[in-house]
Amino acid sequence: MAGITPEAVDAMFPRVNGELHPMTSELRDYVTAGDSTRYDQLGKEMVRLNVSSNLLIQKWHDICFARCTKILEVKHRLHRHGGAIVDFMELYLRRGGDTIFLHDDNLTLEDYGVDNGMELYFKDNDPHSLAKNGGLEDVSLVQKYEISEEDYEKREKTLRNYVKKQREQDPNFRLFANRPKDLPGQEGAPERPATPENVGELYTVGARCQVGPGDRRGAGGYVGPVE
């Protein structure tokens, strides 16, 4: 969890009326406890950087680089992370309030004054980049396999054919006929106890309760019929 951004922390721990729940606050403090010292054990020749791109939503935090790494080598490594072709890549270093263009592939990260916590931003200028328009992230763009009814009927080892063959031998055949009888809604399952007439007195709104299965605890928020 080291290197997580304040924005990411806020997204993970939403606020209510502007403040965190005490338990949520303790959890956040536990998760981020080592952030201020996360670089203490890092060798002086190494640096941890955040990485982002113009075509990708995802970001990579605390990626470790040697300070002596040449910019061209950095680009090759980022190619493996984000798919951008090196020849179409522009690399920038965000250093707090300013951004500089890492124009010389033969210089090193150290030459550009890189330090822990800074951000490498690579711009993918490839007009045919695989990352464009969500190509590497948007799973809705993946073509799903579909089969027509005619092609499905031609197949032999299908659930439909299995049921058909079983009913030729036993017209009363049903799938899952041997499942446990004590499941809710099944024949032979115990009847649900009748709702008490004084349910509003027994279970008041705001009273503590425990939900089963799962044993989760909370407070009643509504008592009455539901559709």
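This is a predicted model: local features need pLDDT of at least 70, side-chain atom pairs count only at pLDDT 80 or more; totals for chains, interfaces and linings use all residues.

Is Ser129 buried or exposed? Its relative accessible area is 10%, and because buried means under 20%, Ser129 counts as buried. Leaving aside residues up to four places away in sequence, I listed Leu55 and Asp124 as what Ser129 touches, and with Asp124 there is a polar contact from side chain to side chain at 2.5 Å.

Turning to the whole protein chain, I counted six helices and seven strands, and I noted that 25% of its 227 residues are buried. The accessible surface comes to about 17400 Å², with 51% of that belonging to carbon and sulfur atoms.

I then traced an open sheet of five strands, in the order β2-β1-β5-β3-β4 and with mixed pairing. Its edge strands are β2 (60–66) and β4 (98–101), each of which pairs on one side only. On average, neighbouring strands of this sheet are turned by 35° against each other, direction ignored.

Looking at one pair, I found β1 (residues 46–53) running antiparallel to β2 and joined to it by five bridges; Val47 has Phe65 as its bridge partner in β2. Helix α3 (residues 71–82) packs on the sheet, where this helix touches β1, β2, β3 (89–95) and β5, and its direction makes about 145° with that of β2.

Note on methods:
Residues are numbered from 1 along each chain as its sequence is written. Side-chain values use heavy atoms; hydrogens and water are left out. Buried means under 20% relative accessible area, exposed over 50%, partly exposed in between (1.4 Å probe, protein chains only). A polar contact is a pair of N or O atoms within 3.5 Å; within protein, one must be able to donate a hydrogen and the other to accept it, and residues adjacent in sequence count only if both atoms are side-chain atoms. Contact means heavy atoms within 4.5 Å. Helices (H or I, at least four residues) and strands (E, at least two) are DSSP runs, numbered from the N terminus. Accessible areas come from the Shrake-Rupley method with a 1.4 Å probe; for residues, only the protein chains shown count as cover. Two strands pair if DSSP finds at least two bridges between them. Axes are lines fitted to C-alpha atoms, for helices over the stretch in contact, and angles run from 0 to 180 degrees between N-to-C directions.
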